[in-house]
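Let's take a walk through this structure, starting with charged pairs and then moving on to the metal site, the rings and the cores.

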Amino acid sequence: MPDETGTRITRGYTGYPETHAAMGSLYQRDFGQHPLPYSPGYKTTVARSPSLPLLSMPSTITEETGPVFGHEMLADLDNDLTCNFTGRPAIGERIIVHGRVTDQERRPQRGVLIEVWQANAGGRYRHRKDGYLAPLDPDFGGCGRCITDDEGRYEFHTIKPGAYPWPNGTNDWRPAHIHFSIFGTGFGQRLITQMYFEGDPLIPRCPIIATIPDPKVAERLVAPLDMAMAMPMDSLAYRFDIVLRGRRQTTFENRMEGL
Amino acid sequence: MVQKLETFHETPSQTAGPYVHIGCTPNFIGVEGIYSADLGAADPFPDAGDTITLVGRVIDGTGTPLRDCMVEFWQADGGGRYRPGQGFARRPADAETGEWRLVTVKPGRVPFSDKVMQAPHIAVWIAARGINLGLHTRIYFEDEDNDGDPLLGRIELRHRVPTLVARRDGGVYRHDIVLKGEGETVFLDI
Ligand SMILES: [Fe+3]
């Protein structure tokens, strides 16, 4: 998947497979832009967060390559959660969620697989472990997926998920959110996150969002209402742009095979 | 005055939560009819000859196996080549035992630089409730020559090296990943 510069890598190794011709070493991760692994306000992290430092090392071909997923794997309704479960329309407020996936240099990330999952309009997941009182919607499955186009754009049609309570503190509620799983072009760019909705009063009260120490950082997970993309008499729209780890790619560091 | 450095920040991570399977392996938990098959459910190299079986668990700081995690694998083929359409697998932990099982080919050596090779390994990424940022680690093999591997060579506390090395156990390789505490696995910032 060549990027627009068509350049190759910067480190010692030049022998990437053809299909990974534009690979380059990944920018080091800035952990200040992420939640803290150990966050006692979110109790489950206590036993599930490493206590020893991570081993830091520049990326290798293993992290710089990754699986490539083609549009042929997608069915027509994969990105339409409003009707991809039974074919009948799900209950709830119809919305479009769209955005662009770029890397840290704002290079569009094309061919990126995005998987989403969410609760139904009442805040209930289709999962045997979800015992919330809110009813299941027989016509809502709760997952969808799509692959970004040449400009890195993606789009889902869904219903706005409801807020739901969860056992953490005695009265903790999740703000409405959609879970996102994103594959970049390298396995080292792998990312799972959550999108929230502009104006939700539960956002500043959420212990999971609070695992991100800097509220300015957390704000980047809040999708604004996007009236330009709303479809009149059909769906409101929210825009959620995603940034994946960048890669070192410059023509100066390019070199011929064997030099 | 200087120019503004125009690089942007990576999107912050959030936990995959308890229902990661709805999004990533819906058929596994009975949300059927949306995808014909779960992504990564097939063996990563279905047609290759020299297969191995890897089994393991992800264990938390209290010694309890995670039964709600998702583990992903990315590896080169037996000849040490990364192939875009193969080499990826995704396994949900068993809902009772927490065990995952991967049938694959043993990866070949892949380059680190034009002069240095890496010992055979599989990249692993773990997502689950309570994990705020997906964890990268690797699986090496005890019956391979791991000396000179640049990543293993960087581990300062040498007694931690075996946390990245799968043991032969009868006909399979066994590899438990420990998130925290005694025997804590080496996780990677890579
Ligand atoms: Fe959720």
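This is a predicted model: local features need pLDDT of at least 70, side-chain atom pairs count only at pLDDT 80 or more; totals for chains, interfaces and linings use all residues.

D103(A) is buried, at a relative accessible area of 3%, where buried means under 20%, exposed over 50% and partly exposed in between (1.4 Å probe, protein chains only). Its salt-bridge partner is R107(A), which also counts as buried at 12% relative accessibility.

Residues are numbered from 1 along each chain as its sequence is written, chains are lettered from A and ligands numbered from 1 in the order in which they are written, and side-chain values use heavy atoms, leaving out hydrogens and water.

| Salt bridge | Closest N and O atoms |
|---|---|
| D103(A) and R107(A) | 2.9 Å |
| E63(A) and R138(B) | 2.8 Å |
| R57(B) and D176(B) | 2.8 Å |

The E63(A) pair crosses between chains, running from helix α2 (residues 61-64) of chain A to strand β8 (residues 135-141) of chain B. Helices (H or I, at least four residues) and strands (E, at least two) are DSSP runs, numbered from the N terminus. E63(A) is buried at 4% relative accessibility, and R138(B) is buried at 0%.

Over in chain B, R57(B) sits in strand β1 (residues 51-59) and D176(B) in the loop between β10 (172-174) and β11 (177-178), so their bridge ties together parts 119 residues apart in sequence. R57(B) is partly exposed at 27%, and D176(B) is partly exposed at 26%. Shared partners also join E115(A), R190(A), E72(B) and R90(B) into one salt-bridge network.

What holds the iron ion? Its donors are Y125(A) (OH), Y164(A) (OH), H177(A) (NE2) and H179(A) (NE2), at 1.9 to 2.2 Å. Donors are N, O and S atoms within 2.8 Å of the metal (3.2 Å for Na, K and Ca); water is not among the atoms, so sites may look incomplete. Y125(A) lies in the loop between β3 and β4 (143-147) of chain A and H177(A) in strand β8 of chain A, so this pair links parts 52 residues apart in sequence. Y125(A) and H177(A) are both buried.

On to the rings: there are 15 aromatic pairs over all chains. Rings of Phe, Tyr and Trp (its six-membered ring) pair if their centres lie within 6.5 Å, with planes under 30 degrees apart called stacked, over 60 edge-to-face and the rest tilted. Y154(A) and F156(A) have centres 5.8 Å apart and planes at 55°, so that pair is tilted. F180(A) and F240(A) are edge-to-face, at 5.0 Å centre to centre and 65° between the planes. These four, Y154(A), F156(A), F180(A) and F240(A), form one aromatic cluster.

Y154(A) and F180(A) turn up again in the largest nonpolar core, among the residues with the most contacts inside it. That core has 36 residues, a nonpolar core being a set of buried Ala, Val, Leu, Ile, Met, Phe, Trp, Tyr and Cys residues joined through side-chain atoms within 4.5 Å. Its largest share, four residues, comes from β9(A). A second, separate core of 31 residues includes I61(A), F85(A), L113(A) and F187(A).

Notes: A salt bridge is a side-chain nitrogen of Lys or Arg within 4 Å of a carboxyl oxygen of Asp or Glu.
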